[in-house]
Amino acid sequence: MRRSLTLAALVVLGIPSLAFAADGSLIGPYSVLVAGFAMAFAAGLCALGQGRAVASAVDAMARQPGAAARIQTAMIIGLALIESLAIYVLVVAMILLFVQPIK
Amino acid sequence: MDVIEHPPIFRLPGIPDHVTYTWLAMIILAGLAFVASRNVALVPRGVQNFMEVVLEQFQQMIDDVIGHEGRRYLPLIATLGLFILVANLLGLVPGMNGPTTNLNTNAACALVVFAAYHWIGVRKQGAVTYLQHFMGPVPLALKPLMFVIEIISHLARPLSLTLRLFGNMFGGHILLAIIFFLMGLQGLIGWALSGSGIGAVVGGIGGAVMIAFTVGFLYPLKILVSFLQAFIFVMLSMLYISGAIEEAEHHGGEHQPAHH
C-alpha cells in the first residue's frame, strides 16, 4: 500500500518533467503542482483545527446555553484566526499561479 | 486567465477598477445616510428605521467588546463595517467589481485600523506608558526581547487583517469564476453546443447542474462570507482598540514580582 502510494506520488511529481521538458524551465509546471498540494494540505489541516474549535464551542454552548452568544462570538473570532493561516497559503498559491515571481 | 479576470461592465478610463467601485460604494453609503437623515423623525420609518437598527447592532457589539466608553469609536467602526460589507456585496453583483478583491483597498482599511488603535492607546495612556506596555510583565533582562516580539506581533496585525479579507474575497471569486464560467459555461455548455451527440446529453445536464450549484449554493455561501468577513474585520478592530485602552490596568500590576 505504502509502496504504491509512493509510486503514485513519484508519477505525479514526474509528469511535469515529462510533459514540459522541451521548454527548458520546470519551475512553472511544478509551481502549479505545488500550489495545488499546498492548498490541499492547508485546507485539510485547517479543517482539523477548526473542527476541534467548533466541537468544543458547541459542547460549551450545550452545557451553558446562557453564555451561547459570547461563546459564539469567541468561536467566530477564533475561527477567523485559524482560517487566516490557510488564507496565507491561499495567497502564496495565488502568487505562484498568477504573479509567478520565479520563472 | 482571461476567464477568471472577467472585467466589470462599467469602467472609467485611466482609473483602476477597484477605485471606481470604491467610489460607487461610497456613493451608495452616502446616499443611504442622506436619505436616512433627511427627515429625522422621533418615530423612525423606512430608511431611517433600517439605518437605526443597523447602527444599534454596531453599538451593541461595541458595548459587548470594548465597554461603555467605546461608544465614541462608533463612527470609525460602523463606517469600516458598512464600507467593507457594501464593497464585499458589490463584488457579487454580476458585471461589477468588488473593491475588497483588490489588496490595496484592504490594506488601506487595515492601516486605518492600525493607526487608529495606536493613536487611541497613546491618547488614553500617554506615549511613555503605552510604549512601556509593549515590554510586558517579564524580568528586566527579557524586556528588550519582549519589545521586539511585541513590535513584530503588532506589525503582523494589519497584514493579517488585509490578507484575510483579500484571500476570502478573491478566493471566493476565483471559485465562482472557475465553477460558473470555466466549468459551466465554457466547458460543459460549450460541449453541449459543440454538436456532438454525447456532448449534448452529458454537457447539457452537467452544465445545468453546475449553474444550479453556483446559483443555489455558492452564491448564498458568498453572501454569508461577505457578512462574516465584514463582521470579523470589525470585531478584530474592536478587540485591538479595547486592547489599547485596557492596557492601563495590566500596567499597574507590572511592578509586582512575576510569580506566575
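What percentage of the 103 residues of chain A count as buried? The figure is 8%, and for the 260 residues of chain B it is 26%. The model is predicted. Chain A has three helices and zero strands, while chain B has seven helices and zero strands.

**Chain A**
- Along the sequence, the elements of chain A follow the pattern α-α-α.
- Among contacts in chain A between residues at least 6 apart in sequence, those that join residues at least 24 apart make up 65%.

**Chain B**
- Starting at the N terminus, chain B runs α-α-α-α-α-α-α.
- Chain B is more spread out than a compact globule, because its radius of gyration is 24 Å, well over the 18 Å that the globule rule gives for 260 residues.
- The C-alpha trace of chain B spans about 80 × 55 × 40 Å along its principal axes.
- For chain B, 69% of the contacts between residues at least 6 apart in sequence join residues at least 24 apart.

**Contact between the chains**
- Nine residues from chain A and nine residues from chain B take part in the contact.
- On the side of chain A that touches chain B, eight residues are nonpolar, one is polar and none is charged.

**Helix pair α3(A) and α6(B)**
- Two packed helices are described by the angle between their axes and the distance between the axes.
- Helix α3 of chain A (residues 68-99) packs against helix α6 of chain B (residues 143-193) at an angle of about 70°, and their axes are 9 Å apart.
- An angle of 65 to 115 degrees counts as roughly perpendicular, and α3(A) and α6(B) are therefore roughly perpendicular to each other.
- The crossing of α3(A) and α6(B) is left-handed.
- From α3(A), the residues A80(A), S84(A), I87(A), Y88(A), L90(A) and V91(A) meet S160(B), L163(B), R164(B), G167(B), N168(B) and G171(B) of α6(B).
- The residues of this helix contact comprise six nonpolar, five polar and one charged.

**R71(B)**
- R71(B) lies in the loop that runs between α2 (46-65) and α3 (74-90) of chain B.
- With 14 other C-beta atoms within 10 Å, R71(B) is partly exposed, since that class lies between exposed at 12 or fewer and buried at 20 or more.
- Apart from neighbours within four places in sequence, R71(B) is in contact with Q59(B) and I62(B).
- D17(B) is 54 residues from R71(B) along the chain, and their C-alpha atoms are separated by 35 Å.

Conventions:
Residues are numbered from 1 along each chain as its sequence is written. Chains are lettered from A and ligands numbered from 1 in the order in which they are written. This is a predicted model: local features need pLDDT of at least 70, side-chain atom pairs count only at pLDDT 80 or more; totals for chains, interfaces and linings use all residues. Two residues are in contact if their C-beta atoms, placed from the backbone, lie within 7 Å. Ala, Val, Leu, Ile, Met, Phe, Trp, Tyr, Cys and Pro count as nonpolar, Asp, Glu, Lys and Arg as charged, and the others, Gly among them, as polar. Helices (H or I, at least four residues) and strands (E, at least two) are DSSP runs, numbered from the N terminus. Axes are lines fitted to C-alpha atoms, for helices over the stretch in contact, and angles run from 0 to 180 degrees between N-to-C directions. Angles under 35 degrees count as roughly parallel, over 145 as roughly antiparallel, 65 to 115 as roughly perpendicular and the rest as oblique. A crossing is left-handed if the near helix is turned anticlockwise from the far one by less than a right angle, and right-handed if clockwise. The radius of gyration is taken over C-alpha atoms; the globule rule is 2.2 Å times the number of residues to the power 0.38.
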